[in-house]
Amino acid sequence: MMNVPEQQKQHLDGWLDGDTHGYCLRVQYEDTDAGGITYHAQYLAFAERARSAYLRLLGVDQSSLMAQQGQGFVVRHIAIDYLQAAPYDSLLCVETKLIKMGGASFKLQQIINNNAHRHIVARLFVDIVFVTFDENRKTKPEKISKAIRNKLTLTKKALR
């Protein structure tokens, strides 16, 4: 089994630049239709991967939150504008930025760019709620802890 260097593991989760998280990926054949254009639903998957990487890079351990406290993040609402098609083999970069912090929720803006052509492929606004799951997997909004709030607002404070 190959031993992955720690620096490479961190690179897989992207990088922070001021108040923005960057995460790049390549459009694979499985992401496209017969014409070689990315399926519209894949942009949601790309944004989800970037959000998970963003939280991981900030030190928010979603697996531990779920396993130890029965808590997690759920998407309440997404607004997405599709602006350009992304063909097979495109290098896309997802920029994620915290735009609003609430007591039990926060809002992110995610912009998916075609790295080669420097144009915006899709723009998303995502409302996320922090919840506790009960024994029936029903959710109840929960105030975001100070520790998690500090991690989430870390990038916001970078520009102050």
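Predicted model: local features only at pLDDT ≥ 70, side-chain atom pairs only at ≥ 80, totals over all residues.

Reader: Which residue forms an aromatic pair with Phe-130, and how is the pair arranged?

Author: The structure holds five aromatic pairs. In one of them the ring centres lie 5.2 Å apart with 50 degrees between the planes, so the pair of Phe-130 is described as tilted, and the partner is Phe-73.

Reader: Which strands does the pair link, and how many residues apart are its members?

Author: The pair links distant parts of the chain, with Phe-73 in strand β3 (residues 71-82) and Phe-130 in strand β6 (residues 119-133).

Reader: Is Phe-73 buried or exposed?

Author: Leaving aside its neighbours within four places in sequence, Phe-73 is in contact with residues including Leu-55, Phe-106, Phe-130 and Ile-148. The relative accessible area of Phe-73 is 16%, and because the limit is under 20%, Phe-73 is classed as buried.

Reader: Which element gives the most to the largest nonpolar core?

Author: That core has 30 residues, and those with the most contacts inside it are Phe-73, Leu-92, Phe-106, Ile-112 and Ile-148. At least two residues each come from β2 (20-26), α2, β4 (91-101), β5 (105-114), β6 and α4 (146-152). The element that gives the most, with eight residues, is α2.

Reader: How far apart are the end C-alpha atoms of α2, and what span should its 19 residues have?

Author: At 1.5 Å a residue, and with the expected span taken over one less than the number of residues, the 19 residues of α2 should span 27 Å.

Reader: What is the relative accessible area of Ala-53, and which residues is Ala-53 in contact with beyond its neighbours within four places in sequence?

Author: Ala-53 lies in helix α2, which covers residues 40-58, and it is among the buried residues of that helix, which include Tyr-43, Phe-46 and Leu-55. Its relative accessible area is 0%. Leaving aside neighbours within four places in sequence, the contacts of Ala-53 are Asp-13, His-21 and Tyr-23.

Terms used: Residues numbered from 1 in each chain as written. Heavy atoms only, no water. Helix = DSSP H or I, 4+ residues; strand = E, 2+ residues; numbered from the N terminus. Buried < 20%, exposed > 50% of the residue type's maximum accessible area, 1.4 Å probe, protein only. Contact = heavy atoms within 4.5 Å. Phe/Tyr/Trp six-rings, centres within 6.5 Å; stacked < 30°, edge-to-face > 60°. Core = buried A, V, L, I, M, F, W, Y, C linked by side-chain atoms within 4.5 Å.
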